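Colleague: New model on my screen. Walk me through some of its local features, please.

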Amino acid sequence: MTRKLISLTLILALIMSITSISVVYANAAKDDITVGAETLNTNDPLSMIGKSKQAIVNTYGSGYRTTTMPGGGQTPYIYYNNANIPYMFGMDRNDKIFVVNIYPLNGFTIYLFDGLTNRSTYNQILRANTTHYYTANDQVHYDDYKMCIEFNYTPYISVIYNWTNTDKNSVADYVQVIKNNTAFYPSNLSAPKLKSAVSTSNGVKITWDKVQYAEKYRVFYKGSNGSWKRLGDTANTSFVDDDVKSGSTYTYTVRPINSAGDVYTGAFDSKGISATYNPPMLAVPQITGFESTSDGVKIKWNRVSNAYGYRVFYKGRNGWKGMGNTSETFFIDTDVNDEVTYTYTVRCIDKSGNFVSDYNNNGWQYTYLKPQLATPQITKFESTAEGVKITWNKVSGAYGYRVFYLGRDGWKGMGNTTGNTFVDDDVRDGGTYTYTVRCIGQNGNFTSRYNTNGWKYTYVKPQLATPQITKFESTFDGVKITWNKVANAYGYRVFYLGRDGWKSMGNTTGNTFVDDDVRDGGTYTYTVRCINANGDFVSRYNTNGWKYTYRVPWLTTPQINSLKSTDNGVEIKWNKVSGAAQYRVFYKGANGSWKRLATTVATSFTDDDVRSGSTYTYTVRCVDASGEIYTSLYDNAGKSIKYVNAKADYIDKLMDTVDSWSYSDMIKNGAQSGFTFMDLDFDGVNEFIVQRAGGTMLNHDAVVYTYKNGKVTKVPSNEEFIQNMKLDYYYNTSTKKYYIFGEAIRAEGTMNNRSLLNYTLTYANNRITTEYYSAYWLNIAARSPSGRDEYHYYDGADGYRPGIGNQKEITEAQYNRINSDKLKNCVNCNMKRRFVLQYEWNPLSKAEKRRQILDAYNAFSYTKH
């Protein structure tokens with residue numbers, strides 16, 4: 001309880017006497033002290049706040065800091081001991097320290113020590129960051145206080161002291177530590193005295209008396225609910241509220257704050273001060289000039305002192321009308337007409353748009369005369385194929401021009417242009433026309449005068465050179481006429497001479513024309529005349545014309561060079577005729593007359609409406625691209641063929657000779673006996689491949705049969721059998737040819753050493769040839785001395801049965817390179833075929849067997865390139 005009372009006493013003492021100095025010695029007879037260049041009034045302690053740093057800046061001698069003390073007594077000093085810890089001496093026993101304020105620049109520690117104790121064993125009384133009240137019971141000696149400060153940067157120290165003669169045992173000592181840049185601020189400054197609130201041109205100006213020690217002020221206005229609303233902060237003693245309306249009343253008050261604006265340091269007048277905003281009237285603006293511009297009337301006036309802005313008016317039928325506001329001293333009225341007079345006036349306004357000046361009620365009058373550019377002058381006329389070309393001088397500042405002709409009812413606009421030429425295309429040869437030109441703006445308004453008389457000109461249509469026919473040609477389409485190109489001619493009209501004179505055949509922009517209404521041996525007369533884009537004549541013509549006799553230019557007669565029976569019918573082939581657009585194929589009917597069969601651009605055709613065993617006769621004739629005009633003669637005798645369905649006959653022959661080609665040695669392991677079809681010579685007729693059953697050698701022995709001239713015959717080969725295990729078709733994009741590649745396995749037993757042989761198969765000149773170009777031998781791990789699979793690579797083989805033989809052994813890389821080179825530029829043709837197993841085929845009926853053979857034949861396919 002005692003300490004709380006003492007605390008209140010100390011607070012009162014704080015208000016009465018505060019200084020701001022490191023360690024200050026004073027007595028009752030001295031009011032002013034000097035610290036450096038500053039004089040501190042101890043009776044006005046608040047004036048000393050913030051000046052304590054000056055108390056410890058002077059240094060005398062190495063390691064000493066001191067200050068000038070008021071009055072008599074021992075001068076205190078700060079001493080650095082051997083541990084480099086500063087401490088202070090020089091306090092009289094009657095000086096009572098009761099408040100210590102610390103203002104650090106960085107972290108520090110403060111200790112208060114008993115001065116009677118040996119210096120090397122100071123007793124700590126107070127540690128930093130704590131607040132403590134001391135009495136005599138705390139056994140604090142007042143004889144020689146010593147204070148030791150330990151810091152990183154020089155701190156601000158404020159000591160508030162008491163020099164009463166009250167017995168020392170009844171005086172408490174109060175030490176307060178304020179850290180982390182917390183400043184000491186007064187909290188009981190008086191409320192600012194409000195002096196006035198007056199209307200200005202910028203708003204309500206509030207003024208008040210300065211409050212000593214106040215760093216800044218916060219201004220408030222009273223809201224509609226009666227509570228104070230923050231308006232703004234200032235370090236001055238006046239403030240202008242510019243957000244006000246004329247005739248409205250506002251109430252204001254002011255309160256002191258610290259410089260940061262986060263602590264109120266004094267009181268405020270709760271009643272505040274009120275004012276009704278009535279802005280003072282400014283001088284009346286005076287219009288000083290007008291200007292006619294392309295945009296309208298530009299109005300200018302003098303600048304009025306303190307005017308925020310201006311409102312500009314024009315006088316209408318019912319009085320003054322506002323046109324707009326501006327902060328400038330000019331305004332452009334864009335809604336004006338040429339040669340019309342307008343009256344204007346101007347009035348000052350404030351930020352809210354309230355009038356703050358009177359105005360000239362009579363206003364100022366001005367007649368708008370739209371600025372005109374120079375009048376365009378027509379400088380040239382030209383008669384062109386398109387019409388009258390008008391040229392005039394370019395007018396400086398002109399956006400564009402409008403061109404007029406003089407009609408029965410006056411000037412008529414023909415069109416606008418941004419250039420300085422115009423073509424009147426609605427004219428006739430020999431007609432006289434009058435023209436004038438006037439400048440226009442971007443919006444099409446006139447910006448110049450015009451020549452009211454205009455300029456006259458007679459149009460004489462220019463004539464181009466007469467076209468001359470230079471060449472005739474007899475074509476399958478008719479007479480082709482060619483003439484010279486005429487400079488500046490848009491096009492031409494071509495005529496022939498009929499019974500009643502010249503007759504038009506057609507127009508063209510080129511210099512050739514074909515008369516397709518002619519007959520072989522007929523003689524015709526032609527002429528040509530130039531025309532413009534409208535079809536009007538722009539040249540003369542040769543009245544005599546040019547004559548020409550038409551002869552049909554027959555092409556060479558097509559000759560049939562091949563007739564062939566195919567599965568799809570009779571294939572007809574003939575020679576290509578130079579210049580032929582198409583060909584028409586005919587067959588001879590039962591009555592001996594030629595019947596139209598088909599029209600094609602190719603040199604072959606297949607007649608699929610035929611019967612096996614019947615004889616057919618064909619011929620071919622050239623026709624033009626339209627298919628309507630024959631361009632050649634034809635072989636009237638034609639070429640004949642007896643049609644035989646080769647595929648059906650082929651299958652029948654195989655069915656009749658089963659015993660000669662089939663194998664009966666069917667087994668269920670290794671290669672099975674059976675048959676398939678492949679086109680080995682790429683002639684469109686598949687070869688018949690018959691495979692016998694293989695054994696432990698893993699062979700796929702097969703023989704090949706072919707069907708030619710109605711017979712099935714065995715194809716000879718350089719080996720007794722071909723290997724039918726894996727055959728693939730490839731197309732070489734470089735040589736444009738097809739190739740057949742195969743693989744064969746030759747083993748010593750089912751699970752024993754083996755070799756793989758790569759070969760090509762060729763069927764030419766009625767003989768099959770196999771060529772082995774690479775191989776490898778595998779010595780399996782079970783039989784290898786090394787106990788693992790061993791591979792040996794070779795550059796070929798002597799054949800399937802002889803095997804690798806004496807071929808040269810090579811590396812794996814060389815082996816791979818040989819294989820890669822063989823397939824260079826080759827693409828796989830995705831060959832597909834069907835293999836019929838002999839033991840499944842044998843039990844079938846004759847009809848089923850025939851169907852199986854036919855299906856196998858039709859199953860063969862490959863991608864053609």
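**Loops and a sheet**

Colleague: Where is Asn-709 found?

Modeller: Asn-709 is found in the loop between S50 and strand S51 (711-714). Strands are DSSP E runs of at least two residues, numbered from the N terminus. This is a predicted model, so local features need pLDDT of at least 70, side-chain atom pairs count only at pLDDT 80 or more, and totals for chains, interfaces and linings use all residues. Residues are numbered from 1 along each chain as its sequence is written, and side-chain values use heavy atoms, without hydrogens or water.

Colleague: What is phi of Asn-709?

Modeller: Near 55°. That is a positive value, in a residue other than glycine. Most residues other than glycine have a negative phi.

Colleague: Is Asn-709 buried or exposed?

Modeller: Exposed, with a relative accessible area of 81%. Exposed means over 50%, buried under 20%, partly exposed in between, using a 1.4 Å probe and protein chains only.

Colleague: What about phi of Tyr-213?

Modeller: Tyr-213 is not a glycine, yet its phi is positive, about 75°. Tyr-213 sits in the loop between strand S14 (203-208) and strand S15 (216-222). Its relative accessibility is 25%, so Tyr-213 counts as partly exposed.

Colleague: Switching topic. In what order do the strands of the open sheet come?

Modeller: S34-S35-S38, with antiparallel pairing. Two strands pair if DSSP finds at least two bridges between them.

Colleague: Which are the edge strands?

Modeller: S34 (469-475) and S38 (512-515). Each pairs on one side only.

Colleague: How many bridges join S35 to S38?

Modeller: 4 bridges, with S35 covering residues 478-483. Lys-480 has Val-514 in S38 as its bridge partner.
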